[in-house]
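Let's walk through this structure together, with a helix pair as the way in and a pocket to follow.

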Amino acid sequence: MKRPRVRFAPSPTGFLHVGGARTALFNWLYAKKFDGDFLLRIEDTDRARSTDESTRAIFEGLEWLGLTWDEEVVYQGANVARHYADAHRLLDSGAAYRDFTPPAETERLRNEAEARGESYRFDRDSAMLSDAETAEKLARNEPYAIRFKVPDGYTEWPDLVHERIAFPNKDIEDFIILRSDGTPVYNMAVVSDDIAMRITLVMRGDDHISNTPKQILLYRALGADVPQFGHVPMIHGADGKKLSKRHGATAVGDYQHLGFLPQAMLNFLALLGWSPGDDLEVMQLPELIERFNVHGLHAKAAIFDTKKLEWMNGQHLALIPIAELAHVVAPLFEKAGLATVADLESRPEWFHGVLELLRVRARLTDEIVQLATTFFGESVEYEAEAIGKQWRDAAVTGEILQATHDRLATLESWEPAAMEEALRKLAEEKGLSGGKIFQPLRVALTGKTVSPGIFEVLLYVGREHSLARVAAAVSFLKQGA
RNA sequence: GGCGGUAUCGUCUAGGGGACUAGGACACAGCCCUCUCAAGGCUGGAACACGGGUUCGAAUCCCGUUACCGCUACCA
């Protein structure tokens with residue numbers, strides 16, 4: 001088999017959309033799986049809507065996801081001369097013809113037909129002129145568009161995702177390939193570029209299904225090999241409509257900033273519209289490549305379920321090597337004003353330990369930072385709910401905390417096992433359940449009713465700060481009493 | 001309107017004529033574990049759009065209906 005060449009061809013009119021990212025991912029996976037090339041083409045021929053900022057956002061999104069491309073980026077706008085030449089090649093060969101009809105006239109006819117409830121089809125016979133008429137208009141320098149002469153018959157292809165799709169050619173009107181200002185139209189540009197890039201498989205969103213017969217006709221008229229096609233379904237929002245801004249975050253950059261891991265995003269996206277065929281869900285990139293196959297591609301539109309994405313992120317948060325997580329998350333700690341990256345790097349054992357404690361309790365990297373606040377700073381703010389729930393009787397609680405403080409202070413080693421033994425013994429002496437000691441202590445240390453295991457908290461807050469916090473809680477309770 | 005596509009729990013999906021009492025995951029509820037919270041384990045409710053065929057047998061194949069989506073530009 002020929003080395004496959006696939007491409008992702010976004011137009012730079014916005015950020016990298018999750019749907020686009022998934023199309024890119026499937027192409028990328030295909031290239032990796034079958035030892036081919038994954039190319040990137042920026043379709044910037046719509047000058048009015050294309051921006052450099054969007055182009056950059058697409059690069060950044062793809063890079064964040066790790067979907068790297070194999071050759072230099074192709075800018076469609078740089079190839080208009082070839083698009084023009086290809087269109088004229090079709091004109092010269094008789095596969096296309098000049099249309100001198102003013103656009104306004106065509107539009108009028110179309111509107112009239114629609115008003116009558118009829119479907120409009122461009123009328124080739126009235127547009128195709130005799131050689132003499134054409135020569136005359138040409139001599140007068142009248143502008144013309146080039147229209148493709150759709151042949152009789154039908155056009156079909158075996159789609160990778162669907163089975164076989166067929167269109168009767170009579171339903172395809174003679175479409176314009178070159179505007180009267182000499183610029184190429186989308187279908188012309190795409191085919192010209194895909195031929196030039198030697199693309200063997202065009203995998204794209206299924207909103208392009210009805211463009212495909214037109215493009216196949218163009219390939220044939222140009223004498224080029226028709227590539228394979230695969231049309232993957234769209235991604236919809238929770239209301240079943242095409243995903244758009246109304247649904248909230250739709251750009252992959254949004255998810256990056258929300259605290260998602262790229263590997264989780266990739267994993268989630270891969271499972272939207274593709275299945276490995278068994279019950280395996282959580283996969284790393286190498287496994288995704290290994291398991292990827294065309295057969296698992298689905299034809300049905302999928303709804304983007306943020307809840308499942310979050311769950312997936314939690315799974316990957318638990319799987320990622322701790323050092324890698326530290327690397328990703330350290331800048332977020334710095335941004336939150338908790339510690340500098342340098343500080344965290346200087347005590348990796350402590351930092352990794354804290355992350356180990358929190359990764360399983362968080363679904364987003366941002367949540368890890370939030371939860372980590374407990375382990376920084378000297379003072380603790382007590383939540384009203386925590387006081388109400390665990391510190392109801394100030395006098396009794398103060399006494400318990402004082403005893404807890406004293407017992408911990410006598411400890412020679414600041415190890416969870418030793419601390420647990422000491423405090424359980426204290427509870428027994430006082431005839432209390434462990435919880436009666438641990439819960440008030442938790443509030444003293446964190447100000448909250450929930451936290452990681454109390455002995456881990458003690459360990460990572462550290463001996464000095466822990467004892468200080470408990471002492472502070474005791475005096476707080478005395479004042480209140 | 002025309003053309004094309006799609007249809008399994010609320011959501012993502014397994015399913016390729018008999019292994020289907022339809023499996024897994026998210027979400028939800030309950031229980032277990034337990035110093036709280038997570039994580040984890042267990043349990044539960046929850047689906048083959050509808051109607052016709054084909055067949056000994058249909059979630060699976062065919063046809064129709066319905067619903068939804070896309071395209072229908074001198075946009076991409």
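This is a predicted model: local features need pLDDT of at least 70, side-chain atom pairs count only at pLDDT 80 or more; totals for chains, interfaces and linings use all residues.

α7 and helix α8 (residues 212-221) pack at about 55 degrees, with axes 10 Å apart; axes are lines fitted to C-alpha atoms over the stretch in contact, and angles run from 0 to 180 degrees between N-to-C directions. Helices here are DSSP runs of H or I with at least four residues, and strands are E runs of at least two, numbered from the N terminus.

The contact (heavy atoms within 4.5 Å) involves Tyr-186, Asn-187, Met-188, Val-190, Val-191, Asp-194 and Ile-195 of α7, together with Lys-214, Gln-215, Leu-218 and Tyr-219 of α8.

A pocket is an open set of points on a 1 Å grid over the protein atoms alone, where a 1.4 Å probe fits, with protein on both sides within 12 Å along at least five of seven lines; lining residues have an atom within 4 Å of a point. Of the 42 lining residues, Ala-9, Pro-10, Ser-11, Thr-13 and Asp-207 lie nearest the centre. α1 gives the largest share, four residues.

A note on conventions: residues are numbered from 1 along each chain as written, and chains are lettered from A and ligands numbered from 1 in written order. Local features need pLDDT of at least 70 and side-chain atom pairs 80 or more, while totals for chains, interfaces and linings use all residues, and side-chain values use heavy atoms, without hydrogens and water.
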